[in-house]
Amino acid sequence: EAMAEAMMGEDVDVGNVELDSDEDEDYREEETVTVGGVQYQVGKKRKKEEEGEGTQIKMGETVTAGEYRWTRVEGMLEDCRKEPHFETVFKSNLFNEDATEVDIFKALMPLSRTALLNIVRDNADEDGDKRVWLPWHIDATLALIFGGAQFKEGTDLWSTKRVGMLPAPDFGRQLSQDRFQRVLRYWARGLPEERQKIRDNPWAQVDPWVKGFNAAREREIKPGSCITPDESMFEWKGKSGFGGLPHLAYIKRKPEPLGTEGKTACEGTFGICIHFEIQKGKLRMARKKWVGRFGATTGCTVRICDALNLSELVQVSPLARCVFADSWFASVKTVLALRETLGLHFTGPIKTASANYPIEKMRHTLAKMKRGDHIVLKCDDLENVWAVGWHDHHYKCYVTTHGVTLPGKPAPKRRQDAQG
């Protein structure tokens, strides 16, 4: 069935589940989860057989994990990354004494005001809507969207009746409710020529917004030395399949587990999201760049960084950017892939994707240590690849290609004693 869907080019997945990682996973029976009256089959993870349990790693001892040997050392005493860290900057002079928040907002909009107005006008003509649509209608709609976010859900924003000491919202002073709803409806539908592609590409109405978002960030922002890939979830609000969401992802650990998942990248200075990629289902994502070479998880990490034009392999003076990601992205495979293809450093916690990483032996060693202690292992077969374990409330294990483990400034934290 999967082959037939791939050959036909249709991959509308209903009830598929996006997993934490595609590495080191094993599945047995499935459980049924009901969300919004719809049943979804969720694969249960089978616990891996723990190897090396009961064995502590002594100082100078070498252990083997998969293809690689790891030796415990005193620590990372010198940073192999010599380049200075640098902050994110804006390519154009956005931030100046005359700039306003509105100017910056417009510069980072996915689509220009002219493009948004053309979408409204084209859809109005198609519907036989004889109203005159002007640029200020677009500005008013955007202002009402942000203004409405200050009120509780369900508030009648066009009410003219005062409630207690609060004045009436009376949004009609700026734009009528009918015009506001029409603009949102026309934007959701996109241009008529985009809707003609929907049979071949169910995401045709959404793709221009995502491409515009990424293009605006690339045009205006030069990322600093710290990049963080992550995940985002957009809650499912209604319809699925043709005419609705082409693909629904169910991720149980998320606050809103059912909806559209996106992989994102943020820069580390201002925390601005600088890239967004919709996860369109396993079949479509399997055709994406780098997946055939590195697999789904590592391929996604490399693809996001590659889309940001972060490659430093051909630069005379590399900037040595560092990627900091959570456990979904982190693995030894990801470390090597980013170094090989883009020349980037990487740091991230290892949980499920522990192939070629001595996680069980590290955890057992940490169990015999005091809270706040750490251990460091250096990979003998790879240049500047380190495993760092830290004893906190949980045993946290990281893979990294840079940094030091010398004492730093203590973090101010409140802790409770046995008496609370």
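This is a predicted model: local features need pLDDT of at least 70, side-chain atom pairs count only at pLDDT 80 or more; totals for chains, interfaces and linings use all residues.
How many nonpolar, polar and charged residues are in the lining of the second largest pocket?

Numbering starts from 1 along each chain as its sequence is written, and side-chain values use heavy atoms, with hydrogens and water left out.

**View 1. Helix α4 against helix α5.** The axes (lines fitted to C-alpha atoms over the stretch in contact) of α4 (residues 135–148) and α5 (residues 177–189) come within 10 Å and cross at roughly 95°. That makes α4 roughly perpendicular to α5 (65 to 115 degrees). In contact (heavy atoms within 4.5 Å) are, among others, His137 and Leu144 of α4 and Phe180 and Trp187 of α5.

**View 2. The second largest pocket.** A pocket here is an open set of 1 Å grid points where a 1.4 Å probe fits, with protein on both sides within 12 Å along at least five of seven lines; lining residues have an atom within 4 Å of a point. This one holds about 790 Å³. Its lining has 10 nonpolar, 9 polar and 6 charged residues, with Gly counted as polar. Nearest its centre lie Gly372, His374, Trp390, Leu406 and Gly408.

**View 3. The largest pocket.** Its volume is about 1,400 Å³. Trp187, Ala188, Val206, Trp209 and Phe234 are the closest to its centre among 43 lining residues, and the lining has 30 nonpolar, 7 polar and 6 charged residues.

Terms used. Axes are lines fitted to C-alpha atoms, for helices over the stretch in contact, and angles run from 0 to 180 degrees between N-to-C directions. Helices (H or I, at least four residues) and strands (E, at least two) are DSSP runs, numbered from the N terminus. Angles under 35 degrees count as roughly parallel, over 145 as roughly antiparallel, 65 to 115 as roughly perpendicular and the rest as oblique. Grid points are joined across faces, edges and corners, and a volume is the space filled by probe spheres set on the points.
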